[in-house]
Amino acid sequence: MEDYGSSDEDIYSSDQDSFDGLENEESDSQWGSSTGNSCKVITRESLLVAQRDDLRRVMDLLSLREHHARTLLIHYRWDVERLFAVLVEKGKTCLFAEAGVTVPEEVDVDSSVSSSTVMCNICIEEVAGSEVTKMDCGHRFCNDCWTEHFIVKIKEGQSKRIRCMAHKCFAICDEAVIRKLVSKRHTDLAEKFDRFLLESYIEDNKMVKWCPSIPHCGNAIRVETDEFCEVECSCGLQFCFSCLSEAHSPCSCWMWELWTKKCRDESETVNWITVHTKPCPKCHKPVEKNGGCNLVSCICGQAFCWLCGGATGRDHTWSSIAGHSCGRYKEDMEKKSERAKRDLYRYMHYHNRYKAHTDSFTQESRLRETIKEKVANLESRDSRLRDFSWVTNGLYRLFRSRRSLSFSYPFAFYMFGDDLFRDEMTKEEKEIKQHLFEDQQQQLEANVEKLSKVFEEPFDDYEEAQIMEMRMQVLNLSVVTDTLCKKMYECIETDLLGALQFSSHNIAPYQSKGIERATELNGGRSTKANTNITCQKVHDQTNGGSIELVQPSGCGTADESGCSSRKRARKDSGGGFFDLNLPAELIDRN
């Protein structure tokens with residue numbers, strides 16, 4: 001394996017002239033996350049626009065009214081691609097039946113009945129025909145019964161899918177009729193009904209989630225492709241889109257949940273008590289031995305033998321206890337104590353390193369203002385060096401690499417422990433993979449520390465030649481750390497998590513530019529999500545016609561629940577250097 005961190009001479013060198021003359025626009029984005037089009041911020045104002053965009057796609061494809069399209073999308077959790085896939089596989093009739101959509105052949109302008117009197121099968125009363133409403137499924141009841149039915153369902157929180165009152169009828173009622181009848185009696189409930197319909201785009205959509213900021217910023221985030229990603233809201237909060245906790249890659253969501261619980265609760269305190277104390281045989285409270293004698297006394301007054309834990313009297317000598325002889329340690333107690341001690345030391349090893357890198361990340365984050373002042377001092381000097389964007393880009397690379405390095409220790413704790421993957425690997429396979437991962441982790445750690453050391457220097461007092469030397473050092477170290485991060489993530493996704501047979505763990509992919517900052521949703525779905533499309537002719541099993549279905553290509557396979565495949569296709573990163581002085585937009589295009 002190539003050692004990136006063996007010595008200072010291993011730092012790559014490059015032609016100095018290749019970096020001259022490149023300008024980088026100064027902006028706050030140098031200090032923050034990358035921006036892109038794969039995730040959008042949905043505010044309260046743009047929520048209706050986002051919802052109508054998906055509604056329009058289904059309405060245009062299937063020639064449906066809005067409430068029918070909404071019923072379909074709510075049933076399929078606003079996954080338009082999955083809805084189209086079911087349409088291709090099962091046809092329109094099955095699609096409508098599963099979602100409870102009934103489309104009448106002839107849509108009446110007025111759904112009320114014009115006959116003189118009609119018997120309502122709910123209240124068993126004769127009512128005027130003008131007071132009876134007929135749904136798309138053909139069932140008709142009086143408006144009072146419909147209204148009471150709607151009010152009860154809205155109060156129970158079932159307003160997104162209110163079914164017909166008829167026995168064994170699974171048709172979904174027309175939202176316009178619900179709104180019309182309920183608003184006559186309870187205006188506030190009608191408004192609540194509309195709000196539930198609007199917020200269902202977020203609550204029932206696996207690709208849209210509320211920002212977990214506290215206090216809540218009121219924004220939601222929509223991702224276009226992979227739900228296993230890390231995003232940054234416009235409020236500045238970075239989080240994992242899958243589990244809504246802080247960004248934690250390369251840890252999977254399950255690993256991070258276990259790790260935070262382990263660090264938060266008293267599980268390790270219990271381990272310490274198991275190793276260093278023994279329970280009193282009378283009150284069962286833990287007792288710590290503070291002397292050399294093997295006869296110990298609990299605060300409850302009970303004396304017992306430290307070797308075996310058995311209750312004894314108080315008469316004893318240094319060599320024996322009167323009326324008691326336990327001989328040797330019990331084998332199971334000895335094994336239990338050794339196992340608890342080993343688990344505690346292992347946890348302390350990974351936790352100490354995780355905590356050390358987390359603290360380093362916190363301290364290095366405070367360098368931003370100091371580095372800005374140093375850059376300002378350099379720019380104010382009379383020198384031919386005018387572009388110092390390599391400083392800010394290198395500092396950001398340090399932040400990203402340090403963060404990935406810190407979260408790699410909780411990952412290693414569970415990946416090579418016995419809690420999650422005991423049956424996935426043999427002992428020999430685990431040792432080989434652990435050595436492979438730890439080699440890459442060690443190389444990354446060495447280069448991250450080198451990069452951190454460079455920024456601690458008072459480079460604003462350097463001469464021009466020293467600044468040029470530091471510039472090359474920062475550029476090369478930035479490339480090395482980025483390459484090592486990519487290799488570590490590829491090892492995790494391919495050799496470690498990708499080789500699992502009995503469990504599935506997903507991590508957010510590595511982004512060289514960092515966690516993507518969501519952009520404001522202006523209107524309509526981003527063009528990136530709709531660029532590569534294929535058209536298929538879907539046979540309409542209902543009337544023998546055909547529907548031209550527009551479906552994104554390359555969206556991967558999906559199971560019955562709509563979950564994406566575990567393995568993620570990776571882009572070829574190439575073998576050359578990337579120039580940190582180039583604007584982000586130019587790097588994206590390249």
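Lysine 209 lies over the face of phenylalanine 241, at 5.2 Å from the ring centre; a charge is taken to sit over a ring if NZ of Lys or CZ of Arg is within 6 Å of the ring centre and within 35 degrees of the ring normal. The model is predicted, with local features needing pLDDT of at least 70 and side-chain atom pairs counting only at pLDDT 80 or more, while totals for chains, interfaces and linings use all residues. Residues are numbered from 1 along each chain as its sequence is written, and side-chain values use heavy atoms, with hydrogens and water left out.

Ring pairs come next. The structure holds 18 aromatic pairs, where rings of Phe, Tyr and Trp (its six-membered ring) pair if their centres lie within 6.5 Å, planes under 30 degrees apart being stacked, over 60 edge-to-face and the rest tilted. One of them joins tryptophan 256 and phenylalanine 407 edge-to-face, at 5.1 Å centre to centre and with 80° between the planes. Because tryptophan 256 lies in helix α8 and phenylalanine 407 in helix α12, this pair ties together parts that are 151 residues apart in sequence. Helices here are DSSP runs of H or I with at least four residues, strands are runs of E with at least two, and both are numbered from the N terminus. Tryptophan 256 and phenylalanine 407 are both buried (buried means under 20% relative accessible area, exposed over 50%, partly exposed in between, with a 1.4 Å probe and protein chains only). A further pair, phenylalanine 388 with tryptophan 390, is tilted, at 6.4 Å centre to centre and 45° between the planes. Phenylalanine 388 is buried at a relative accessible area of 3%, and tryptophan 390 is buried at 1%. Trp256 and Phe407 also belong to one aromatic cluster, together with Trp259, Tyr347, Tyr350, Tyr354, Phe413 and Tyr414.

What of the nonpolar interior? In soluble globular proteins, nonpolar side chains tend to be buried together. A nonpolar core is defined as a set of buried Ala, Val, Leu, Ile, Met, Phe, Trp, Tyr and Cys residues joined through side-chain atoms within 4.5 Å. The largest such core has 55 residues, and Phe411 and Met415 have the most contacts inside it. Two or more residues each come from α8 (253-264), α10 (331-365), α11 (367-380), α12 (389-415), α13 (427-456) and α14 (464-496). Helix α14 gives the largest share, 14 residues. Leaving aside neighbours within four places in sequence, phenylalanine 411 is in contact (heavy atoms within 4.5 Å) with Pro250, Cys251, Met255, Phe437, Ile492, Leu496 and Leu497. A second, separate core has 29 residues, among them Leu61, Leu64, Leu72 and Val208.

Two sets of strands can be followed in detail. Strands of a sheet pair through backbone hydrogen bonds, either parallel or antiparallel; pairing here requires that DSSP finds at least two bridges between two strands. Strands β2 (residues 117-120) and β3 (residues 125-128) run antiparallel and are joined by four bridges. They form a hairpin with four residues between them, and isoleucine 124 in the turn has a positive phi of about 55°. Threonine 117 has alanine 128 of β3 as its bridge partner, and methionine 119 stands opposite glutamate 126 in β3. In a regular strand the side chains alternate between the two faces of the sheet. In β2, Val118 and Cys120 make up the covered face, and Thr117 and Met119 the uncovered one.

The other set is an open sheet of three strands, ordered β12-β13-β14 with antiparallel pairing. Its edge strands, β12 (295-297) and β14 (311-312), each pair on one side only. Two bridges join β13 (residues 303-305) to β14, and phenylalanine 304 has alanine 311 of β14 as its bridge partner. Glutamine 302, in the loop between β12 and β13, is buried with a relative accessible area of 18%. Not counting residues up to four places away in sequence, glutamine 302 touches Cys280, Pro281, Lys282, Val296, Ser297, Ala311 and Thr312.

Finally, the cysteines. A search of the whole structure finds zero disulfides, a disulfide being a pair of cysteine sulfur atoms within 2.5 Å. The sulfur of cysteine 137 has that of cysteine 164 as its closest cysteine sulfur, but the 3.8 Å between them is too far for a bond. Cysteine 137 is partly exposed at 24% relative accessibility, whereas cysteine 164 is buried at 6%.
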